[in-house]
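Me: I have a model open and want to go through it piece by piece. Can you take some quick questions?

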Amino acid sequence: MPTLSWANKNLPHPIPSSLELDSIIYPQGRGYLSRDAEQRPENHLVMGDNLAVMSALLLDYEGKIDLIYADPPFFTNRRFAARIGQGEDSRKPEHWKLAEGYLDAWDSIESYLNMLYPRLYLMHRLLSPNGTLYLHLDWHADAYARLLLDEIFGADRLLNEIIWVYHGPSPIRKAFNRKHDTILVYTKSKDYTFNADAVRTPYDETTVKTFASSSKAGFGKVPDLARGKVPEDWWYFPVVARLHSERTGYPTQKPEALLERVILASSNPGDLVADFFCGAGTTAVVAERLERRFIASDKSWRAVHTARARLAGFSTTPFSLQVEIQSKVDAISLQDSALVTLSEGVIHLDPSLLPDLLYWEVDPCWDGMLFHSAAQACRPRQKAPISSQLSIPFTKSDSRISVRLVSINDQLLTSHIRE
Ligand SMILES: C[S@@+](CC[C@H](N)C(=O)[O-])C[C@H]1O[C@@H](n2cnc3c(N)ncnc32)[C@H](O)[C@@H]1O
């Protein structure tokens, strides 16, 4: 079988690394009061470089993840900016600003492959015997990645090459507009999960009419018009555009509809779904909604904050935030205690904190060690400002209250009331 080779190609041993539990988030307080001190959530958001994160996870999760969706940088040699604030309207620049998103810049294709190869290898190890990997790329590197996956999974384990097509403006005038991505789907074994019935879509009207009018249509094969068809290997979903409600402002965010099809087809309720390049957390949000468990990680704090805020807003189950120890950043204590105050079961933030605030949360019964987030406020994408108040109905008169704030420039601030 042909394989891809390049200077310095090698598979490093999994690097020594470990994860530290940073906090447990109870979205909108659900489950906070009834929590069991010994029990840890089944869903995890992890901050760190995924080579270290996946190496650390091998101990507990080798052969246990049912589905991995991977959407790494595409080898575009670009810097992607995040959009923070509301509306992203160029006529109203005062409502939003650009901030650091993520970098997709490489010295050479070799350095890009040196990033991708060991990570794909670790994903293969983490997959369960009937697990599936979806690797999302585009024309920049998909041909190289296919050879790597043939080598790691076996060429006969390619299940599909999915083409995701979309529309959008393009500056290109001397070639056809490049408006598709490629998703390479590999299974760990011949015995894999594929729920065809969960992803059926209606036949188009012309097909329905043709079959209604002619018994000879389809060369004797009558499609199941009532149940619909199993989708082709080319998918149309619109990109997440400026005015879409699911938009977070994190760059290259993928549509929830796309992840929904991936997750429904290749996992079952209760299965473990992972995304180690999670960006805005799309995979985690959809997995949670479809009652799968998730592990989502990213090396950028902005991505992790975005995913956490999104999950805090929509999730119904608690999740942990873990940090790979080399990526740990210390929180800064707010010196001025008048900026965060408690009155009648409500935490109030001073208005001066709000313009730069992305997210904040409260642990009303802080044990001095682990932060249990019982109430969260996120900066809304449309119209309204971030809330300056959070109600905490569960505080006891002698309990310590901890408040954590995340600023637009990724700073972590803490303030403790009744220390
Ligand atoms: C294409 S974006 C993912 C977008 C995501 N699918 C979504 O819907 O928002 C790629 C992400 O990979 C992350 N990333 C790049 N290299 C990484 C690494 N070595 N470890 C962890 N994350 C990485 C970037 O920070 C970025 O958020």
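Predicted model: local features only at pLDDT ≥ 70, side-chain atom pairs only at ≥ 80, totals over all residues.

Me: Fine. Where is N77, then?
Reply: N77 is in the loop between β3 and β4, the latter covering 78–85. Its phi is positive, near 55°, and N77 is not a glycine.

Me: Why does N77 count as partly exposed?
Reply: Because N77 has 13 C-beta neighbours inside 10 Å, and the partly exposed class lies between the exposed limit of 12 or fewer and the buried limit of 20 or more.

Me: What about phi of T252?
Reply: Phi of T252 is also a positive value near 55°, again in a residue other than glycine. T252 is in the loop between β9 (234–236) and α5. With 18 other C-beta atoms within 10 Å, T252 is classed as partly exposed.

Me: Switching to the ligand. Which residues come nearest?
Reply: F277, G279, A280, T282 and K299, out of 18 residues around the ligand.

Me: And how does that shell split by class?
Reply: Seven are nonpolar, six polar and five charged.

Me: T282 is in that list. Which helix has T282 among its buried residues?
Reply: α6. Its buried residues are T282, T283, A284, V285, V286, A287 and E288. That is seven of the eight residues of α6, so the helix is mostly covered.

Me: What do they pack against?
Reply: The buried residues of α6 pack against β2 (43–47), β3, α5 (256–266), β10, β11 and α7.

Me: What follows α6?
Reply: E291 does, and its phi is positive, near 65°.

Me: What unit does α6 make with β10 and β11?
Reply: A right-handed β-α-β unit, with α6 spanning residues 282–289. The two strands, β10 and β11 (residues 293–298), run parallel and are joined by four bridges. In one of the pairings, L272 has R293 of β11 as its bridge partner.

Me: Which way do the side chains of β10 point, and are they buried or exposed?
Reply: L272 and A274 point one way, V273 and D275 the other. All four of these β10 residues are buried, D275 included.

Me: Now the domains. Which ranges do they have?
Reply: The domain assignment gives domain 1 as 19–327 and domain 2 as 332–417. Their centres, taken over C-alpha atoms, are 31 Å apart.

Me: How many residues are in contact between them?
Reply: 20 residues of domain 1 are in contact with 17 residues of domain 2. On the domain 1 side, β1 (19–25) and α7 (301–314) each supply at least two residues. The largest share is from α7, with six residues.

Me: One more topic, helix α2. Where does α2 run, with Y112 in it?
Reply: α2 covers residues 109–126, and Y112 is placed in it.

Me: Is Y112 buried or exposed, and what about M123?
Reply: Y112 counts as buried because it has 23 C-beta neighbours inside 10 Å. M123 has 24 other C-beta atoms within 10 Å, so it is buried too.

Me: What does Y112 touch?
Reply: Not counting residues up to four places away in sequence, Y112 touches F75, W106 and A141. A141 is 29 residues from Y112 along the chain, and their C-alpha atoms are separated by 9.0 Å.

Me: And what is M123 in contact with, under the same exclusion?
Reply: I68, A70 and L133, leaving aside neighbours within four places in sequence. As for T206, it is 83 residues from M123 along the chain, with 42 Å between the two C-alpha atoms.

Notes: Residues numbered from 1 in each chain as written. Near = placed C-beta within 6 Å. Nonpolar A, V, L, I, M, F, W, Y, C, P; charged D, E, K, R; others polar. Domains from an automatic or database assignment. Contact = placed C-beta atoms within 7 Å. Pairing = 2+ DSSP bridges. Right-handed = clockwise from strand over helix to strand, strands pointing away.
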